[in-house]
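Work through these exercises with the structure open beside you. Try each task before you read its solution.

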There are 2 protein chains.
Amino acid sequence: MLRLSKLTDYAIVIACHCARNPQALHNAAEISSSVGIALPTVQKVLKRLTQAGILRSERGAHGGYLLAAAPHQVSVARVIAALEGPIGLTECSLAESQCRQADGCDIRGNWTLINRAIQAALEAVSLADMVKPAPREIPISLGALHAGLR
Amino acid sequence: MLRLSKLTDYAIVIACHCARNPQALHNAAEISSSVGIALPTVQKVLKRLTQAGILRSERGAHGGYLLAAAPHQVSVARVIAALEGPIGLTECSLAESQCRQADGCDIRGNWTLINRAIQAALEAVSLADMVKPAPREIPISLGALHAGLR
DNA sequence: TTTAATCAGGACTAGAATAGTCCCCAATTG
DNA sequence: CAATTGGGGACTATTCTAGTCCTGATTAAA
């Protein structure tokens, strides 16, 4: 399976929770209980989302967290990147890395291609989309991607 | 980073190596040296690719491996699935899993949507594509995905 | 002013997953 | 029969992740 870490999974759930009520302040305990994730873990995730600028925090009594931007402006890609760093399937798709495979390096260009397709898919979906009920049918046309490879 | 395990990465490199010379038999030692991955690891990956039906093996002296199908018929998605199991970003995108988040479950439908987009991207690329030189420009239109969410 | 609530930041631990290695058996060739 | 090569699986060590906890800073309310 093309894994996303559990913490990232939680992050999306938590971000979606805030997106349902974008104006309200949500404190860690409230989020923990309504989302069903242990409090310390929730706190950890909240900190990372705040550092990434996805959430804003209010300190002090009756403090809490809320989305820093409107739900439709926050993409799933951004939440994932906040927890996992830049999106990419392989090491070599990121920097000019130390890929020592004598063979693989012709491949890199095509990896970046795939990565961009995935990134595009994740960026096309916002938190506002996630909290909507799912659509029945899913029209995806990726023919253009394939055309690009010829 | 949206991680793919190293073994999966190797698998793609190895599969691409075979795709460059689809008729020839490649034994483990040859692949190891030309690809720059330790022999035992290469053997491990080769076994999995064979079990998945992506490679065919010939036993005995002068045996080796070769692609079971033409390079353009083997998608990157299939190679990944051979090593990692079904493609999906989250647990809950697979089976009717034991997702106990009181909150998250409205989200599932949208996850499957994202997963399908990614799967489509990975299926659109074959080994034949991977061994070609990379195209300069990448026209990807995922507008349809977003449209599907409305 | 004091107290309580809440976030900030980081250290720490246990467990799981991964990567990598090795061994013995089966099959084929010559 | 002997040499080569894949088949299958067991095993280990290391890395990574998840999860917990503690201490300090900030704010609100009593």
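**Exercise 1. The hairpin of chain B**

Task: Find how many bridges join β1(B) to β2(B), and in which sense the two strands run.

Solution. Step one: count the bridges. Four of them join β1(B) to β2(B), and the strands run antiparallel. Two strands pair if DSSP finds at least two bridges between them. Helices (H or I, at least four residues) and strands (E, at least two) are DSSP runs, numbered from the N terminus.

Step two: pick an opposite pair. B:Arg56 faces B:Leu66 in β2(B).

Step three: look at the turn. Five residues lie between the strands of this hairpin, and B:Gly60 takes a positive phi near 80 degrees.

A word on the model. It is predicted: local features need pLDDT of at least 70, side-chain atom pairs count only at pLDDT 80 or more, and totals for chains, interfaces and linings use all residues. Residues are numbered from 1 along each chain as its sequence is written, chains are lettered from A and ligands numbered from 1 in the order in which they are written, and side-chain values use heavy atoms, with hydrogens and water left out.

**Exercise 2. The hairpin of chain A**

Task: State which residue of β2(A) stands opposite A:Leu55.

Solution. Start with the pairing. β1(A) and β2(A) are antiparallel and share four bridges. Now read across: A:Leu55 stands opposite A:Leu67. Then check the turn. The hairpin has five residues between its strands, and A:Gly60 has a positive phi near 80 degrees.

**Exercise 3. Chain A as a whole**

Task: List the elements of chain A in order from the N terminus.

Solution. Count the elements. Chain A has seven helices and two strands. Then order them: α-α-α-β-β-α-α-α-α.

Next, burial. Of the 150 residues of chain A, 49% count as buried. Buried means under 20% relative accessible area, exposed means over 50%, and partly exposed lies in between (1.4 Å probe, protein chains only).

Then contacts, meaning heavy atoms within 4.5 Å. Take those in chain A between residues at least 6 apart in sequence: 62% join residues at least 24 apart.

Last, the surface. Chain A has an accessible surface of about 7000 Å², and 51% of that belongs to carbon and sulfur atoms. Such areas come from the Shrake-Rupley method with a 1.4 Å probe; for residues, only the protein chains shown count as cover.

**Exercise 4. DNA strand D**

Task: Find which residues are closest to DNA strand D.

Solution. A residue is near a strand if one of its heavy atoms lies within 4 Å of it.

Sort the DNA atoms. Of those of DNA strand D within 4 Å of the protein, 73% belong to sugar or phosphate and the rest to bases.

Check single atom pairs. A polar side-chain atom of B:Lys47 lies 2.9 Å from a base nitrogen of DNA strand D.

**Exercise 5. DNA strand C**

Task: Find which residues come nearest to DNA strand C.

Solution. For DNA strand C, 69% of the atoms within 4 Å of the protein belong to sugar or phosphate, and the rest to bases. Finish with one pair: a side-chain N or O atom of B:Tyr10 is 3.3 Å from a phosphate oxygen of DNA strand C.

Conventions:
A polar contact is a pair of N or O atoms within 3.5 Å; within protein, one must be able to donate a hydrogen and the other to accept it, and residues adjacent in sequence count only if both atoms are side-chain atoms.
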